[in-house]
Amino acid sequence: MAEELFSGLNPAQRRAVEAISGPVLVLAGPGSGKTRVLTHRIAYLIREGIDPYSILAVTFTNKAAREMKERLSVLVNPADAHALTVGTFHSLCARFLRREITHLGRERDFVIYDSDDQERLMRRVIRELNLDEKKNPARAIHARISSAKNELVSSSEFPRLNYADEIAARCYERYQNLLRESNALDFDDLLVELVHIFELFPNVLEWYQNRYQYLLVDEYQDTNKVQYTLVRQLAGEQRNLFAVGDEDQSVYAFRGADIRNIRQFEQDYSDSQVILLEQNYRSTQAILDTAQALIAGGGKKKHVKKLWTKNGVGMQVSLHEGYDQDEEASFVADEITRLVASGDYSYGGCAVMYRINAQSRALEEALNRRRVPYQIVGGTRFYERKEIKDVLAYLRLTFNPYDSVSLGRVLNWPGRGIGERSESELLRWAAELGVLTFQALRELESDTPTPFTARSKSTLLSFLALIDQFIAARAELPLTNLIDLILARLDVREALVKDYDAEEAEERWMNVQELRNVAAKYVNLPIEGQLSTYLEEIALVSEVDKVDGKADAVTCITLHQAKGLEYPAVFLVGLEEGLLPHSRSSDDPEKVEEERRLLYVGMTRARQRLYLCYAFRRLSFGRVSLSTPTRFLADIPKELIKQPKKRSAAATSPQASMFSGRGGYGGAPPRSPASTGPRPQRPVAPTEVSFVSGQPVHHATFGKGVVLSSRLVDGDEEVTVSFADKERKLLASFARLEKLA
DNA sequence: CCATTATGTTTTTTT
DNA sequence: AACATAATGG
């Protein structure tokens with residue numbers, strides 16, 4: 001019976017599936033079938049008679065949770081699959097808190113603040129405390145507080161060693177108070193408050209420990225202190241904890257993830273079994289060898305895995321240099337077109353990965369030009385778009401009128417004549433009365449004397465009437481109708497047309513419509529539950545959750561988000577100093593190692609083909625700078641990589657230094673032209689342009705072209721030439737342009 | 001109070 | 001380069 005569950009599992013996987021009780025740590029290399037192990041283990045537990053109701057699985061994304069349930073509904077009976085508790089730390093905590101937060105004297109109908117809300121609230125705190133917003137950016141202060149929360153450090157425990165600490169500590173305190181008043185929790189609170197409840201109310205913890213006898217935690221290497229604590233609490237005495245992870249794929253230290261959690265598992269949980277999954281089912285040996293060479297270049301490891309595969313050697317990994325980010329993107333787009341034309345690959349089988357979202361722009365343009373279908377994951381997230389957040393703010397106020405961030409957001413949106421003065425006067429007056437902003441609005445309905453002009457007062461009252469209307473409608477109307485009512489009463493479309501040009505207004509209006517479409521999925525729930533479920537799920541969806549695996553489109557995605565995904569063909573772009581490792585990480589050896597792991601994650605996403613790309617120069621921040629290939633390339637033996645074609649004179653300079661020890665550690669990120677050393681042909685910077693518009697030229701690679709313009713830039717001459725295929729910008733000192741008659 | 005202009009800021013990475 | 005907020009003037 002259970003035998004079919006084991007068919008197709010290798011001995012190590014099988015051991016992991018069968019180890020039912022006690023702590024188990026599975027160290028799973030990339031592509032080693034860990035998802036399979038997780039699902040089969042759950043199925044095995046159920047078939048062994050364990051109640052699915054007592055199984056709790058923590059995944060890294062909502063998408064992974066959904067997929068796990070789907071796979072299980074095939075392996076076990078669907079009712080059993082349904083009884084499982086599966087989710088991310090954040091969504092599970094939110095779910096538990098809806099039940100338990102009353103223990104802390106708080107209301108169940110809290111709203112969840114996303115990073116934008118959090119920053120707005122912090123800005124308000126900083127203003128309230130009369131701090132200089134320049135010297136104390138809300139973002140920076142909030143970041144400090146967020147990491148404190150991740151470390152389970154409360155505002156009273158926050159260190160006050162210097163003036164900056166003192167400021168942060170005071171902001172922390174006020175920030176928490178405002179959150180509480182607004183009946184809101186930020187992302188971090190979702191975890192922290194649950195830990196508090198478990199600490200303060202042992203009987204509550206006991207209930208959860210009894211219910212969840214079997215815990216499974218994926219991506220254990222990316223847990224932070226709060227998450228680690230939660231797991232410890234839930235694991236209790238029983239310690240039926242099954243943790244899966246890979247320290248080589250730990251890339252979230254910046255949000256508090258602590259690699260020590262996985263390294264110390266064996267000390268934390270005595271008698272634990274450790275199982276290594278080393279056989280890779282995803283990639284070719286060529287790709288694995290390259291990735292392993294890279295990761296071996298890093299520091300010492302607790303457990304060294306030796307990845308191998310039966311997939312065969314496969315194609316050699318190739319390296320490509322582009323002239324700039326546009327040419328790099330063009331190369332990627334051309335190569336994808338070629339792969340698809342060959343019939344061996346589909347658009348959906350290709351992915352382009354990069355370090356920062358801003359890199360997606362050049363790709364988008366190149367793909368657009370070639371009519372290659374693509375989807376960009378992340379960037380400005382859908383639910384962070386202004387028009388979306390504005391409409392959502394009304395929904396959130398309808399759900400919880402004390403939500404002060406939402407109130408501040410839409411008090412004057414769409415513009416109704418409540419300016420800065422009326423708003424600050426309202427805040428001041430509320431503070432004077434000692435009530436919340438919303439209660440102050442309510443106060444306007446009585447005969448209490450107010451500090452407002454008759455005009456302001458009536459505007460504020462009509463705003464209040466609007467919200468009241470929505471609150472009343474919520475009890476009667478299905479969610480979609482409620483949204484329609486809001487959109488109509490506010491005349492959102494008109495407001496968008498007023499703020500933007502026709503095209504953009506239409507696009508934003510479509511976004512708003514999309515919000516409504518999503519809401520349609522919730523109308524089958526009882527009316528009371530529709531809005532709350534909708535708001536909660538919206539607050540916790542991530543961009544990867546929305547990746548459409550079925551669409552036949554190229555996926556453009558950050559390296560962080562790509563973790564856990566796989567594609568037949570993968571292009572890694574921008575493999576340059578300053579970008580990977582990112583300049584903000586290159587001063588700290590530990591951060592540099594994290595960047596190395598990020599590259600490792602990217603490489604191991606590839607099944608058959610892996611392309612490594614970098615550009616010779618790059619436009620960042622509106623300025624051009626020359627770049628050096630990433631130091632990590634120096635750790636990969638030359639013979640593992642198919643060297644780039646010499647595509648122009650420009651290619652030789654950075655390329656030559658690549659594997660020769662130069663470009664190694666300590667190199668300053670993007671070199672300034674001055675530090676590049678003597679140039680081969682042109683030791684002296686030009687003082688005037690030598691190419692004029694209309695001059696016919698010849699280039700070794702691009703052939704004949706005509707000069708469109710030329711200008712002096714950074715001590716060199718940048719010539720814009722129209723070639724047969726496209727327009728290119730070339731540096732005269734490198735391009736060896738030949739003037740034709 | 002609002003529209004226009006000027007200035008400044010941004011780019012890590014995410015729930 | 002693109003976007004957001006601040007300053008300025010109507």
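Student: Which residue in β19 stands opposite Ser318?
Tutor: Start with the idea: strands of a sheet pair through backbone hydrogen bonds, either parallel or antiparallel. In this predicted model, where local features need pLDDT of at least 70, side-chain atom pairs count only at pLDDT 80 or more, and totals for chains, interfaces and linings use all residues, you'll find Lys642 of β19 opposite Ser318. Two strands count as a pair if DSSP finds at least two bridges between them. As for the labels, helices (H or I, at least four residues) and strands (E, at least two) are DSSP runs numbered from the N terminus; residues are numbered from 1 along each chain as its sequence is written, chains are lettered from A and ligands numbered from 1 in the order in which they are written, and side-chain values use heavy atoms, with hydrogens and water left out.

Student: What is the strand order of the sheet?
Tutor: Read across this open sheet of 7 strands and you get β13-β14-β12-β15-β16-β11-β19, with parallel pairing. At the edges sit β13 (374-376) and β19 (641-642), each pairing on one side only. Helix α15 (residues 285-296) packs on the sheet, touching β11 and β16 (606-615), where contact means heavy atoms within 4.5 Å. The direction of α15 makes about 50 degrees with that of β16. Helix α16 (residues 325-341) packs on the sheet too, touching β11, β12 (350-354), β14 (554-558), β15 (567-572) and β16, and its direction makes about 155 degrees with that of β16. For such angles, axes are lines fitted to C-alpha atoms (for helices over the stretch in contact), and values run from 0 to 180 degrees between N-to-C directions.

Student: Why is β12 largely enclosed by the rest of the structure?
Tutor: Check burial: buried means under 20% relative accessible area, exposed over 50%, partly exposed in between (1.4 Å probe, protein chains only). For β12, 5 of the 5 residues are buried, so the rest of the structure largely encloses it. One face has Cys350, Val352 and Tyr354, and the other has Ala351 and Met353.

Student: Is Gln221 buried or exposed?
Tutor: Gln221 counts as buried because its relative accessibility is 0%. You'll spot Gln221 in the loop between β6 (214-217) and α12 (225-235). Its side chain joins that of Glu219 in a polar contact of 2.7 Å, meaning a pair of N or O atoms within 3.5 Å; within protein, one must be able to donate a hydrogen and the other to accept it, and residues adjacent in sequence count only if both atoms are side-chain atoms. The Gln221 side chain also reaches the backbone nitrogen of Asp246 at 3.1 Å.

Student: Which residues have the most contacts inside the largest nonpolar core?
Tutor: Look for Leu395 and Tyr534, in a core of 70 residues. A nonpolar core is a set of buried Ala, Val, Leu, Ile, Met, Phe, Trp, Tyr and Cys residues joined through side-chain atoms within 4.5 Å. Not counting residues up to four places away in sequence, Tyr534 touches several residues, including Leu392, Leu395 and Ile483. Apart from that core lies another, of 43 residues, among them Tyr212 and Val226.
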